[in-house]
Amino acid sequence: MASRHGVTYPPGLTCYPSARSVQMSRIIKIAIIGCGYWGGNYVRLFDEIDGVRVAAISDKRESMLDRFRSLGPDVLMTTDASEAIRADVDAVVVCTQASQHYAVAVDALQQAKHVLVEKPLTTCSSEARELSASAASAGLVLMVGHTFIFNAGIRILKEYVDDGSIGDLYYLYSRRTNLGPIRYDVNALWDLAAHDISVFNHLVGSAPKWVNANGVKVLGRDIEDAGFATLGYGNGVQAHLHVSWTDPNKCREIVAVGSRRRVLFDDLRRIEKIRVFDKGVGVAPSTETPNYGVGFQMHDGDIVSPQVPATEPLKEQCLAFLKCVSEGCAPLVGGAEGEAVVSTLEAIDASMRTNGVRVAVNSDRPVAIPLYRPGGRVTG
């Protein structure tokens, strides 16, 4: 491993290729259901990738469909999601409101279509399990749009945790705040915390065992507009998150604190998205303290910022989905990972309803997520 400024870096931290093209032996045809903000991005990206054709777009609002008429007359535009799903397409991308994810995904799987569902997979863990089982039994790809897993900064953070560069992982925390966008079908935790839970699970390598949480309702509705939650993992690591859509300060931070280093990921920074603080404290044997032979060893080193490659996480996610569809491989963030996040959000809701009582997460399935290596080419 290379060493710079007294800090040892995992191999390949400063440079790795980004996927720029896709090579496939046949055209993969995509239907996109829901073409709001995220759906519009999927239309743009899949339209840019060679070997892929956006064949159908569905939205309940004709005005949203009108934005994509320039794609040409060969693209089916319809307000009926079922019509788009039953068109001549290989895969379906679901970008509707979260409460509609399950019904649309079920329809797509029943029509033998591969499915990419925006986060959260569903709003009910039993429905998430059903989707996972249905996809598995049919040999279809079911992938969940936890986009941050494909972020180059999160990849670097994952490498620091996995190779022991930060030492023993003590705890994690995150802040995800902004003024809006305000949702009407799910609370702020279901909308925003799904990102952080998926990253926490990715970094720790498992789903949490328990949560406790509190939420606040400040906009006069029976729905939480901000929330705080702590997640407890089986290895003793805890993770804390704060989300809000009523905070004037926009923040997208995730921090890992270890015995040797602290690593900060700030997705809003144009430069220095990752900062590594070569500082920490560990336990060391001692005969000079009254603590029964236990002492503490602190060190204070440099603060450095490894280069983060300029990639578009959503495009990396799209390419990963295409690779799974083309080659029949398992997705990095599949049904089991999506179910683990939904189960955690259910437990968070239950804890908020009981004023922060610790609640067990109804999922004992491990979430062993490997490193994603951007730049892989999709071949048929």
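**Reading the chain and its helix packing**

A: Start with the surface: the accessible surface of the protein chain is about 16,300 Å², and carbon and sulfur atoms account for 50% of that. Accessible areas come from the Shrake-Rupley method with a 1.4 Å probe, and for residues only the protein chains shown count as cover. The model is predicted: local features need pLDDT of at least 70, side-chain atom pairs count only at pLDDT 80 or more, and totals for chains, interfaces and linings use all residues. Residues are numbered from 1 along each chain as its sequence is written, and side-chain values use heavy atoms, with hydrogens and water left out.

Q: What share of the residues of the protein chain count as buried?

A: Buried means under 20% relative accessible area, exposed means over 50%, and partly exposed lies in between (1.4 Å probe, protein chains only). Here 56% of the 380 residues are buried.

Q: How many helices and strands does the protein chain have?

A: Helices (H or I, at least four residues) and strands (E, at least two) are DSSP runs, numbered from the N terminus. The protein chain has nine helices and 17 strands. A contact means heavy atoms within 4.5 Å; among contacts between residues at least 6 apart in sequence, 69% join residues at least 24 apart.

Q: At what angle do helix H7 and helix H9 pack?

A: Axes are lines fitted to C-alpha atoms, for helices over the stretch in contact, and angles run from 0 to 180 degrees between N-to-C directions. Helix H7 (residues 188-204) and helix H9 (residues 335-353) pack at about 125°, with axes 9 Å apart. Angles under 35 degrees count as roughly parallel, over 145 as roughly antiparallel, 65 to 115 as roughly perpendicular and the rest as oblique; H7 and H9 are therefore oblique to each other.

Q: Which residue classes make up the contact of H7 with H9?

A: Ala, Val, Leu, Ile, Met, Phe, Trp, Tyr, Cys and Pro count as nonpolar, Asp, Glu, Lys and Arg as charged, and the others, Gly among them, as polar. H7 contributes residues including Leu189, Trp190 and Ile197, and H9 residues including Val341, Leu345 and Met352. The contact of H7 with H9 has 11 nonpolar, three polar and two charged residues.

Q: What is the phi of Glu272, and what is that of Asn355?

A: Most residues other than glycine have a negative phi. Glu272 has a positive phi near 55°, in the loop between strand S14 (262-266) and strand S15 (274-285), and is partly exposed at 37% relative accessibility. Asn355 has a positive phi of about 60°; Asn355 lies in the loop between H9 and strand S17 (359-360) and is exposed, with a relative accessible area of 69%.

Q: Is Arg261 buried or exposed?

A: Arg261, in the loop between strand S13 (246-258) and S14, is buried at 3% relative accessibility. The C-alpha atoms of Arg261 and Ser165 are separated by 7.4 Å, and the two residues are 96 residues apart along the chain.
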